[in-house]
Amino acid sequence: MKILLVNPAHKGNLHSNIKVLAIPPLSLAMIARYTPEQYEVAIVDEAVEDLDFNAPADLVGITCMTPLAPRAYEIAGRFRERGIKVVMGGIHASYVTEEALRYVDAVVVGEGEDLWPQVLRDYEKGTLQKVYRVKEQPDIEHLPAPRRDLLRDKYFVETVQTGRGCPINCNFCSVTAFNGARYRLRSTDSVMNEINAIKSKRIFIVDDNIVGAGMKYIRRAKELFDRLQGSGKEWGAQTCLNIVEHEDLMKSAARSGCKALLIGFESLDPETLEAMHKPVNLRPATRNFSDAIKKIHDQGIAIVGCFIFGTDTQDRDVFKRTVDFVLENKIDAVQMTLQTPLPGTALYRQMVAEKRLLLTNYPNDWRHYTILEPVFRMKNMTPREAYEGLLNSYEVVSSFRTSVKRGLQTFMNTRSLFSTGISFSWNYQAYKTIRHTPTPLAALV
């Protein structure tokens, strides 16, 4: 029996254009690993290849993030026209399950690896259920390596997951609700065996916070970084600012080949951080962002800084203040976005309750929930002001000339083509893509 697993994408969107953002669909490769050996499995990632709707398949599995839901449903419809059953999983379908069931035959809610074999058994018996719901978060200590052999060799980096979960529970994020508030960790031996088997010299650790929170997790991060020394890898990861509270941890990361850290600064304003429920950015050792940035740069590590615009506590001066801060502190690459209420988040529930959502013709309007388009009524700026403020900010920090200059700064500090490529490509390709994105509907309101 042939199983086709699909990761939808829109050609020309940000993640397709920025090659450093087109990362392998690890979730599908993991589902493939949990597929019994008697099945033949193929993976198609539309971010790097075209999907053949005439491809041989007995069962199709689709995952997607919220802005790609319309494309995912379109794909499901094309295969169902051929009489092929379609199963959908992932974060969007987990939070709008009833919507997804209008377009697919079954939905897996939550982390689906352990449920997948049951889905296949039910399919073969002709008893496929509408909903498969994870009852408790799986133990991932000895999680097997994903089926990387099924992925195309077209990615800037390979990805590895060493843990799941996040206790911070920011109001704009659904990770805590989806993966749980408790960090669940893989054994260091398991992680290192997987990393050592990867041929690529570049890896990105996709954990939401590689260092975790609390000394148990700090010690584990230190153990992992120490083990990474001598692996010959250059690597990047997501982390919170609490990494700067542990100088020995930063030094170990640098020695082990860490070349870039993606950090959610989110906002320069304490009031905004409190409203977002981001207390980790308000601690004595983290709230001075400039000092924190210098500590990381001093280790030869580049920073991808993330900032969010359009919150209820911000007005139009937030754009210039943030741009000035980014340039003055030589943040290597920047991701600037508009606050977006995504399903499963506290922010979405708030916007629904206050009737502030502007684009609600679902599922079609999900395509605008890209974190780059205004989709709700903001308190202190119009949708057009927010959108133009975002575009103007990217024009200042990410034009070709500025991107080259910032890329050279990154190289001089890190001496790494890996981090330099991230810096230049992330900045300039983001600017080019966003500049040519049609004005979203909400900006005309």
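A surface patch, as I use the term here, is made of residues with over 30% relative accessible area and no salt bridge, with nonpolar side chains joined within 5 Å. The model I looked at is a predicted one.

**Surface patch**

I found a nonpolar patch of about 270 Å² made by Phe-400, Val-404 and Leu-408. I placed Leu-408 in helix H16, which covers residues 400-414. Leu-408 has a relative accessible area of 53% and is exposed, because the cut-off for exposed is over 50%.

I then looked up Arg-415, in the loop between H16 and helix H17 (417-435). Arg-415 has a phi near 55 degrees, a positive value in a residue other than glycine. At 55% relative accessibility, Arg-415 counts as exposed.

I noted a positive phi for Glu-266 too, near 70 degrees. Glu-266 lies in strand S12, residues 258-266. Is Glu-266 buried or exposed? I have Glu-266 down as buried, at 6% relative accessibility.

**Aromatic rings**

I counted 19 aromatic pairs in the structure. One of them is Tyr-362 with Trp-366, whose ring centres are 3.8 Å apart and whose planes make an angle of 10 degrees. This pair is stacked, because planes under 30 degrees apart count as such. I checked the accessibility of both partners: Tyr-362 is partly exposed at 22%, whereas Trp-366 is buried at 1%.

Tyr-362 came up again in the backbone check, where a cis peptide bond joins Tyr-362 to Pro-363, with omega about 5 degrees. Pro-363 lies in the loop between helix H14 (346-353) and helix H15 (383-398).

I also recorded one aromatic cluster formed by Phe-265, Phe-289, Phe-307 and Phe-325.

For Arg-78 the ring is that of Phe-53, with the charged end 3.9 Å from the ring centre. For Arg-202 the ring is that of Phe-156, and the distance to the centre is 4.4 Å.

**Two buried loop residues**

I looked up Val-96, which sits in the loop between helix H4 (91-95) and helix H5 (97-101). Val-96 is buried at 15% relative accessibility. Which residues does Val-96 contact, leaving aside its neighbours within four places in sequence? I listed Tyr-73, Pro-343 and Trp-366. I also took a C-alpha to C-alpha distance from Val-96 to Met-250: 40 Å in space, for residues 154 apart in sequence.

Ser-174 is in the loop between strand S8 (163-164) and helix H7 (175-179). At 10% relative accessibility Ser-174 counts as buried. Not counting residues up to four places away in sequence, Ser-174 touches Ile-91, Tyr-95, Pro-343, Gly-344 and Thr-345.

**Helix H2**

Why did I note helix H2 (residues 26-33) as largely enclosed by the rest of the structure? I did so because six of its eight residues are buried. The buried ones are Leu-26, Leu-28, Ala-29, Met-30, Ile-31 and Ala-32. I then looked up what covers these buried residues, and the cover includes strands S1 (2-7), S2 (40-45), S3 (59-63) and S7 (158-160), along with helix H6 (116-125).

Terms used: Residues numbered from 1 in each chain as written. Predicted model: local features only at pLDDT ≥ 70, side-chain atom pairs only at ≥ 80, totals over all residues. Heavy atoms only, no water. Phe/Tyr/Trp six-rings, centres within 6.5 Å; stacked < 30°, edge-to-face > 60°. Buried < 20%, exposed > 50% of the residue type's maximum accessible area, 1.4 Å probe, protein only. Lys NZ or Arg CZ within 6 Å of the ring centre and 35° of its normal. Patch = residues over 30% accessible without salt bridge, like charges linked within 9 Å, V, L, I, M, F, W, Y side chains within 5 Å. Areas by Shrake-Rupley, 256 points an atom, 1.4 Å probe, with all protein chains shown as cover. Salt bridge = Lys/Arg side-chain N within 4 Å of Asp/Glu carboxyl O. Helix = DSSP H or I, 4+ residues; strand = E, 2+ residues; numbered from the N terminus. Contact = heavy atoms within 4.5 Å.
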